[in-house]
Amino acid sequence: MLNTTEVIVPPSNWEPLDIAILVFFSLCLLFGLPANLSSLHFFRTTYRSARGNRAYFGNIYTVISLTDLLICALLVPMIQALAVGKYSEHAFFRNSTFCKGWFVSWSIVQMLAVLLVAMLCISRLVLLVWPFHKLLPTLSWALPAVFVVLLLVTVPMITVFGRVFYQADHGVCTVAIHHGGHQHLPNLRSRDKRGFSTAPMALPSEAGKITINFPTPVLCVDTTA
């Protein structure tokens, strides 16, 4: 008869890929902060009294530099989570309020970055087709400002209709959205290289909601002589 015993196998805090990502994010922060601060200073001083198209592009690059600075700042909690270990209780993301704030901020700056690149591409295209067209400098900061206000109103609503939580296997905060009495949790049943589930597992509970649990992997080992 085969006798088995349960041996607790805690998930590894530092996988080789996590270390590589930690180094990459750290380099992005190390070079990104001074580079974007220098760019911000340059465009604010050089293009301060500019007019016309020169002012338009000066404003665009100023907003891009500010957005990139925010992205660099938001990398810090991700670096900290990887440095102390994704499954560590000392990760900043373990605080639910911090997790929600980071998720909202990260979502906004990512969408703002897409808008700014689109504005830059479209404005260059316009000048290629109509070289003497005069762009409106006000539009270069007013449109991003309106876009950010709209995001500040809409993105936090995701935290109302869904649940923002720390997905430890990815080392970031993400959201699970309620829909039709059920909650869809993408990629939550991830498994590590040993084949054990290391991500939060969705369990049904009352009133169409779910409970997020972090299961501990269990390995059955043959102890027969």
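Predicted model: local features only at pLDDT ≥ 70, side-chain atom pairs only at ≥ 80, totals over all residues.
Helices, here, are DSSP runs of H or I with at least four residues, numbered from the N terminus. By that rule Ser-65 lies in helix 2.

The overall layout comes next. The protein has four helices and seven strands. Read from the N terminus, the elements follow the order β-α-α-α-α-β-β-β-β-β-β. Of the 225 residues in the protein, 37% are buried. Among contacts between residues at least 6 apart in sequence, 64% join residues that are at least 24 apart.

Ser-65 counts as buried because its relative accessible area is 4%, and the cut-off for buried is under 20%. Apart from neighbours within four places in sequence, Ser-65 is in contact with Asn-36, Ser-39, Leu-40 and Phe-43.

The nonpolar interior can be taken up from here. In soluble globular proteins, nonpolar side chains tend to be buried together. In this model the largest nonpolar core holds 28 residues. The residues with the most contacts inside that core are Met-78, Phe-93, Trp-102, Phe-103, Tyr-166 and Cys-173. Two or more residues of this core come from each of helix 1 (16-46), helix 2 (52-84), helix 3 (96-129), helix 4 (139-161), strand 2 (162-167) and strand 3 (172-179). Helix 2 gives the most to this core, namely eight residues.

Met-78 shows how residues from separate places in the sequence come together. Leaving out neighbours within four places in sequence, Met-78 is in contact with Phe-25, Phe-93, Trp-102, Trp-106 and Val-172. There is also a second, separate core, made of 12 residues, and Ile-60, Val-63, Ile-64 and Leu-116 are among them.

How many disulfides does a search of the whole structure find? The search finds one. This disulfide is formed by Cys-99 and Cys-173, with their sulfur atoms 1.9 Å apart. The link of Cys-99 and Cys-173 is left-handed, with -135° about the S-S bond. Because Cys-99 lies in helix 3 and Cys-173 in strand 3, the pair ties together parts that are 74 residues apart in sequence. Both Cys-99 and Cys-173 are buried, and Cys-173 has already been named for its contacts inside the largest nonpolar core.

Cys-28 is in no disulfide, and the nearest cysteine sulfur, which belongs to Cys-72, is 7.5 Å away. Since its relative accessibility is 28%, Cys-28 counts as partly exposed. Cys-121 is likewise partly exposed, because its relative accessibility is 48%.

Charged side chains provide another link. A search of the whole structure finds one salt bridge. In this salt bridge the side chains of Lys-86 and Asp-18 meet at 3.3 Å, N to O. The pair links distant parts of the chain, with Lys-86 in the loop between helix 2 and helix 3 and Asp-18 in helix 1, 68 residues apart. Is Lys-86 buried or exposed? Lys-86 is buried, because its relative accessible area is 7%. Asp-18 is buried too.

The last stop is Leu-139, whose place is in helix 4. Leu-139 counts as partly exposed because its relative accessibility is 42%. Setting aside neighbours within four places in sequence, Leu-139 is in contact with Met-119 and Pro-144. Leu-139 and Met-119 are 20 residues apart in sequence, while their C-alpha atoms are 9.8 Å apart in space.

Note on methods. Residues numbered from 1 in each chain as written. Heavy atoms only, no water. Core = buried A, V, L, I, M, F, W, Y, C linked by side-chain atoms within 4.5 Å. Buried < 20%, exposed > 50% of the residue type's maximum accessible area, 1.4 Å probe, protein only. Contact = heavy atoms within 4.5 Å. Disulfide = S-S within 2.5 Å. Salt bridge = Lys/Arg side-chain N within 4 Å of Asp/Glu carboxyl O.
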